[in-house]
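Got a minute to go over how some of the labels for this chain come about?

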Amino acid sequence: METFLTLCETMNYRQAADRLHITQPAVTQHIQYLESYYGCKLFSYDGRKLTKTEQAALLERRAHAMNYQEARLREDLRLRQTPSLSVGATKTIGEFVIAEHVARYLDVPGNRLSVDVDNTARILERLNRGRLDFAIVEGYYSWSEYEDLPYHREPFVGLCAWDHPLAGRTVPLDELWGEELLLREKGSGTREILENFLNEHNRAVTDFARVTCIGNLGLMERLLERKRGITFAYAAAASGNGKLAQFSVEGWELQREFNYVFLRDTGARDKVKLFERYHPGRG
């Protein structure tokens, strides 16, 4: 099954073999065994491109769920009745939104918690591997692959220095192209929202005068404070920072949900409910 999941990730027999430190014929043998055992075809070639069958996609989801359940069983047997959570959060949420929530959960002496903060793509990858009970994400994800529950709604706005010419204004989209854009790294939900919005208006991030990719939110704030560009982010990212200001774009009134996301067919919903008891806005 580990061979199967690795091949699902790499979609390349040679790369799967290299990652697993086995031979390529061994990978083929493992897949053929699973196909025989389950009585269905798992992979096929479309030209020279390896593709997953519907049965393989179903098996992949269930295999991730089984891995998660087995990992939680080991943890529960070790910790007995001590509540323990492993939570993933995207960067905006982890750095600006959930601090009070985490603090309330940890106010109970017996509660245990680990929080992994990264961009949406990497958080979902760790969730798929069973390393997280659930994630709280701001970006796009496949509704068919996960279950979800709402966490919070947050405005998506323009951010700049408090004394920047855009500060506090509502501006037409065409006024932005002379600006320098500070853009989050690939895999960021914030970046994907911006790119999708611009695409809807037949525009792209390359239309800005200069684009600088920044993967660290602290560095991005320092650059914004020095008027080294503008960015687009959730309003929470600037809360409490008097050196930053918001601006709006005409016709752009975006709010996005932050959601709990967890694997289907697992007991992860109960973990979400446990954490949700301590939500500062609902109790």
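Lys and Arg count as positive here and Asp and Glu as negative, while His and the chain ends are not counted. Keep in mind that this is a predicted model.

Q: How many side chains of the chain are positive and how many negative, and how far apart do the centres of the two sets lie?
A: By that count there are 38 positive and 40 negative side chains, with the two centres 4 Å apart.

Q: Why is Gly 88 called buried?
A: Buried means under 20% relative accessible area. Gly 88 comes in at 0%, so the label buried applies. Across the 283 residues of the chain, 47% count as buried.

Q: Where in the secondary structure does Gly 88 lie?
A: Look in strand 3, which covers residues 84-90. The chain as a whole has 10 helices and 12 strands.

Q: What makes a residue a contact of Gly 88, and which ones does Gly 88 touch?
A: Heavy atoms have to be within 4.5 Å. Leaving out residues up to four places away in sequence, Gly 88 touches Asp 116, Ile 123, Leu 132, Phe 134, Ala 135 and Ile 136. As for Asp 133, that residue is 45 residues from Gly 88 in sequence, and the C-alpha to C-alpha distance is 8.0 Å.

Q: What share of the contacts in the chain with a separation of 6 or more comes from residues 24 or more positions apart?
A: Such pairs account for 74% of them.

Q: What does the C-alpha trace span along its principal axes?
A: About 65 × 55 × 30 Å. The accessible surface is about 15000 Å², with 47% of it belonging to carbon and sulfur atoms.

Notes
Residues numbered from 1 in each chain as written. Predicted model: local features only at pLDDT ≥ 70, side-chain atom pairs only at ≥ 80, totals over all residues. Heavy atoms only, no water. Helix = DSSP H or I, 4+ residues; strand = E, 2+ residues; numbered from the N terminus. Buried < 20%, exposed > 50% of the residue type's maximum accessible area, 1.4 Å probe, protein only. Areas by Shrake-Rupley, 256 points an atom, 1.4 Å probe, with all protein chains shown as cover. Charge placed at Lys NZ, Arg CZ, Asp CG, Glu CD.
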